[in-house]
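Take a look at the model below.

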Amino acid sequence: MAYRVGYFVGSLSSTSINRILATALIRLAPSDLEFFEIPIRDLPLYSQDYDADYPAVAVDLKESIASADAVLFVTPEYNRSIPGGLKNAIDWASRPWGQNSFDHIPAAVIGASVGAIGTAVAQQSLRGVLSFCNARQMTAPEAYIQFSPDTFSDDGTVTNEGTAKFLRDYLVEFRDHIERVLTVLPRDTDS
C-alpha cells in the first residue's frame with residue numbers, strides 16, 4: 001500500500017535550503033511514500049473574520065491536507081521559532097473551530113539550517129503547536145540537519161553517504177509511523 005504524504009516547506013523562499021532538503025527526502029524515500037507539496041505562499045494572514053467564508057486558497061489548503069494520509073513539515077528556524085508563514089498556514093488549517101484538518105493525522109517534523117543545532121528550537125515550538133492540533137507526531141528519531149552545499153546539491157542529491165543513510169532511515173521510520181497510526185485511526189481521504 002502506498003501512502004500520500006503532503007509536505008509543507010516552512011520557508012517561503014524559492015531558494016530555501018529546506019526546499020532542497022524536501023527534494024532530497026523525496027529522492028531518498030521508500031517507494032511506497034508518494035509526496036506532494038502543500039503550498040502556503042499565497043495564504044492571507046488568518047483572521048476569524050474569514051471563518052464564515054474561507055478564501056479559495058485556504059479551502060485548497062484544507063482539501064490538500066484532507067487528501068493526505070500524513071503530513072511532513074520541513075522547516076527552517078526563524079528567531080528560535082517557526083516561520084510566520086508556516087504558523088499562519090497551521091492557523092488556517094486548524095480553523096474554524098471544530099474543523100481542524102490536523103486532527104489525528106500522522107505527522108513528522110524535520111528541518112535544516114547552516115548552524116550546528118539545525119532547527120532544534122523551531123521543531124520544539126512546532127511540536128507544541130501540532131500537539132495542540134492533535135496531530136499524531138513521530139517523536140523519534142529527531143532530525144536536526146546541518147546544511148552544507150558540500151552535502152546537498154541544488155537538485156536534492158545528498159553527497160554524504162552518512163547523511164543519506166540517516167535520512168533514508170528517518171523516512172522508513174516515518175513510513176512505519178504512518179502505518180501504525182492509520183491502523184488505529186484510519187483517515188477518510190476519499191471525501
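How much space lies in the largest pocket? About 200 Å³. This is a predicted model, where local features need pLDDT of at least 70, side-chain atom pairs count only at pLDDT 80 or more, and totals for chains, interfaces and linings use all residues. Residues are numbered from 1 along each chain as its sequence is written, and side-chain values use heavy atoms, with hydrogens and water left out.

A pocket here is an open set of points on a 1 Å grid over the protein atoms alone, where a 1.4 Å probe fits, with protein on both sides within 12 Å along at least five of seven lines; lining residues have an atom within 4 Å of a point. Its volume is the space filled by probe spheres set on the points, which are joined across faces, edges and corners. Among the lining residues of the largest pocket are Lys 87, Asp 91, Arg 95, Trp 97, Asn 100 and Phe 132. α3 (84–93) and α4 (120–132) each supply at least two lining residues. Helices (H or I, at least four residues) and strands (E, at least two) are DSSP runs, numbered from the N terminus. The largest share, three residues, comes from α3. By class, the lining has five nonpolar, four polar and three charged residues. Ala, Val, Leu, Ile, Met, Phe, Trp, Tyr, Cys and Pro count as nonpolar, Asp, Glu, Lys and Arg as charged, and the others, Gly among them, as polar.

Pro 96 sits in the loop between α3 and β4. The bond from Ala 140 to Pro 141 is also cis, with omega near 5°. Pro 141 lies in the loop between β5 (136–137) and β6.

Now go inside. The largest nonpolar core has 32 residues. Such a core is a set of buried Ala, Val, Leu, Ile, Met, Phe, Trp, Tyr and Cys residues joined through side-chain atoms within 4.5 Å. Buried means under 20% relative accessible area, exposed over 50%, partly exposed in between (1.4 Å probe, protein chains only). Leu 21, Leu 72, Ile 110, Phe 152 and Leu 167 have the most contacts inside this core. β1 (3–9), α1 (17–28), β2 (33–37), β3 (70–74), β4 (106–113) and α5 (161–184) each supply at least two of its residues. α5 gives the most, with seven. Apart from this core lies another, of 28 residues, among them Phe 36, Ile 82, Leu 86 and Phe 102.

Follow α1. Its buried residues include Ile 20, Leu 21, Ala 24, Leu 25 and Leu 28. They pack against β1, β3, β4, β6 (144–146) and α5.

Phe 147 lies in the loop between β6 and α5. Is Phe 147 buried or exposed? Phe 147 is buried, with a relative accessible area of 9%. Its C-alpha atom is 8.5 Å from that of Leu 21, 126 residues apart along the chain. Phe 147 touches partners including Ile 17, Ser 113 and Phe 152 (heavy atoms within 4.5 Å), not counting residues up to four places away in sequence. Ser 113, in strand β4, is buried at 18%.
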